[in-house]
Each structure stands twice: as structure tokens, then as C-alpha cells.
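The plan is to look things up one at a time and jot down what I find.

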Amino acid sequence: MNKAVESNNLFVFQRSKALQQYCGDVYFTHQDKNGFLYVLSDGLGSGLEANRAAKATVDAIKEDVHADITDMLEKANQAVSGLRGAAIAIIKGDFLTKTLYYTGMGNIRFYMIGIEDKLIFPLSGSGFLSGRKQKYRLQSFKYKPGSKFLMHSDGLVLSRVRKSLESPLCVVKIGHLIEQNISDIPTDDVTFMVGKFPE
Ligand SMILES: [Mn+2]
């Protein structure tokens, strides 16, 4: 699988390990006038079983896109019981208060530029969703209107993240530049999303 989704304020790219039919990374995007919800889930391993676990987390979250994001994380956790586990990150942007909410578990990376131009990269709890009850941490940050953010699975290895985020280029062009870091036939599922907060 290899695909890219583009809009004015979001670019999503995905390529599966060895170009397999099923990608073990599954993402979900939702936007309305008040904000956005973006989810990236990386099912353990690769192929169909990894896809099933990641898809189960996303399906659980889709049921109520306005729920509290730590409740979403627990629903996602319950959804993988009996399946492979998953690493996941959930971000929610609130346009009114210019706040970004972050929660997650395991190895999904998220970067944004905060007020005072600080590079912010919250870390999730280590481990992964497995169906067992865990404690989740909710973090929140004020974002700089018009600034960009990046979320990616561990299949992408990137240096100079700040340079990408501070680029004056649009998210689609930044996405195409980041894409050049990904091999034609990756050894892990790769997904990344570059977004722009509203001005
Ligand atoms: Mn992975």
C-alpha cells in the first residue's frame, strides 16, 4: 500500500512494509469548525494481524469523535484485547482556545512548534495498548496560529524536524520533502501526517 492524502492544512502519507497489501499503521482524521482530531495507530508487527489491531483502535475511537481523548485511549485499549497490541497517539486541536491536547501509548512521535517558538515533542507512556488497564497521561500545549505539526509512526526516521516545521512551504510540499526520506520498499510500515494550525 502506498498513498498520500492532501488538503490545505493536512498531508498524510502512508507506505506499508515491503509494499504489503495491509498496512499495520492505521490513521483517522476528523475536522470541523471547532477543531480537529487526528489518530495514528501502529499495530504490533506487520501485515493483516497488525492492521486488524490498529483498525480496531481507530474504529473504537470513531464511535464518538467528541469524547474525551483519554477515554478514547481506554476504548482503543479495550478494542485490542484478544488482538495484537498497538502503539497509538491521539491529538485534538481546539481552535477557540488554540490548544493542542495529546495522549498516547508507545512509539508514535509528535512534534509541534509552541508559543515562544519552542519545539514541543510530548512522549507517551512506554509500552503499547494490550487490553490491560493502564494509566494514561493527557498533555496540553498552546500552539502558535499558522504553525505546523508532524506526527509519524516509527517506520519514519527523520532528522531536522524543526527545519521541516519551520519551513514556509505548504504542508503538501513539506510532506513531499519528508517523503524523500522513505525508501521505495520500506522495512517497516510508515505513516506520517503534516498539518497546519489555523491562522
Ligand atoms: Mn512500526
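Is Asn-77 buried or exposed? I checked this before anything else, keeping in mind that the model is predicted. Asn-77 is buried, as 23 other C-beta atoms lie within 10 Å of its own, and the cut-off for that label is 20 or more.

**Entry: around Asn-77**

I placed Asn-77 in helix α2, which covers residues 69-79. Setting aside neighbours within four places in sequence, I found Asn-77 in contact with Leu-129, Gly-131 and Gln-134. I also looked up Gly-125, which is 48 residues from Asn-77 in sequence. The C-alpha atoms of Asn-77 and Gly-125 are 13 Å apart.

**Entry: the two helices**

From α2 I moved on to its packing with α1. A packed pair of helices is described by the angle between the axes and the distance between them. For α1 and α2 I noted an angle of about 140 degrees and axes 8 Å apart. That angle makes α1 oblique to α2, because the roughly antiparallel class takes angles over 145. The crossing of α1 and α2 is right-handed. On the α1 side, the contact is made by Ala-56, Thr-57, Asp-59, Ala-60 and Ile-61. On the α2 side, Met-72, Lys-75, Ala-76 and Ala-79 make it.

**Entry: the sheet**

Which strands make up the open sheet, and in what order? I wrote down five strands, ordered β3-β4-β5-β6-β9, with antiparallel pairing. The edges are β3 (25-32) and β9 (139-142), each of which pairs on one side only. From one strand to the next, the twist averages 15 degrees. As a reminder to myself, strands of a sheet pair through backbone hydrogen bonds.

I then went back to α1, residues 47-62, to see where it sits on this sheet. Helix α1 lies across β3, β4 (35-43) and β5, and runs at about 155 degrees to β4.

**Entry: strand β5 and its partners**

How many bridges join β4 to β5? I found nine, and the two strands run antiparallel. Leu-37 has Lys-92 as its bridge partner in β5. Turning to the pairing with β6 (residues 99-105), I found seven bridges to β5, again with the strands antiparallel. Here Gly-93 has Leu-100 of β6 as its bridge partner.

β5 and β6 form a hairpin, with four residues between the strands. Lys-98 is in the turn and has a positive phi of about 55 degrees.

Why do I call β5 largely enclosed by the rest of the structure? Eight of its nine residues are buried, so the description follows from that count.

**Entry: the nonpolar core**

I looked up the largest nonpolar core next and found 48 residues in it. Ile-88, Met-151 and Met-193 touch the most other members. Strand β5 (residues 86-94) contributes the largest share, six residues.

**Entry: Gln-14 in strand β2**

Gln-14 lies in strand β2. I count Gln-14 as buried because it has 22 C-beta neighbours inside 10 Å. Gln-14 is 10 residues from Ala-4 in sequence, and their C-alpha atoms are 6.3 Å apart. Leaving aside neighbours within four places in sequence, Gln-14 is in contact with Met-1, Lys-3, Cys-23, Asp-25, Val-190 and Thr-191.

Where is Ala-18 found? It is in the loop between β2 (10-15) and β3. Ala-18 has a phi near 50 degrees, a positive value in a residue other than glycine. Leu-19 lies in the loop between β2 and β3 too. Its phi is also positive, about 60 degrees, although Leu-19 is not a glycine.

Ala-18 counts as exposed because it has 12 C-beta neighbours inside 10 Å. Leu-19 is exposed as well, with 12 other C-beta atoms within 10 Å.

Key
Residues are numbered from 1 along each chain as its sequence is written. This is a predicted model: local features need pLDDT of at least 70, side-chain atom pairs count only at pLDDT 80 or more; totals for chains, interfaces and linings use all residues. A nonpolar core is a set of buried Ala, Val, Leu, Ile, Met, Phe, Trp, Tyr and Cys residues joined through C-beta atoms within 7 Å. Two strands pair if DSSP finds at least two bridges between them. Axes are lines fitted to C-alpha atoms, for helices over the stretch in contact, and angles run from 0 to 180 degrees between N-to-C directions. Two residues are in contact if their C-beta atoms, placed from the backbone, lie within 7 Å. Angles under 35 degrees count as roughly parallel, over 145 as roughly antiparallel, 65 to 115 as roughly perpendicular and the rest as oblique. A crossing is left-handed if the near helix is turned anticlockwise from the far one by less than a right angle, and right-handed if clockwise.
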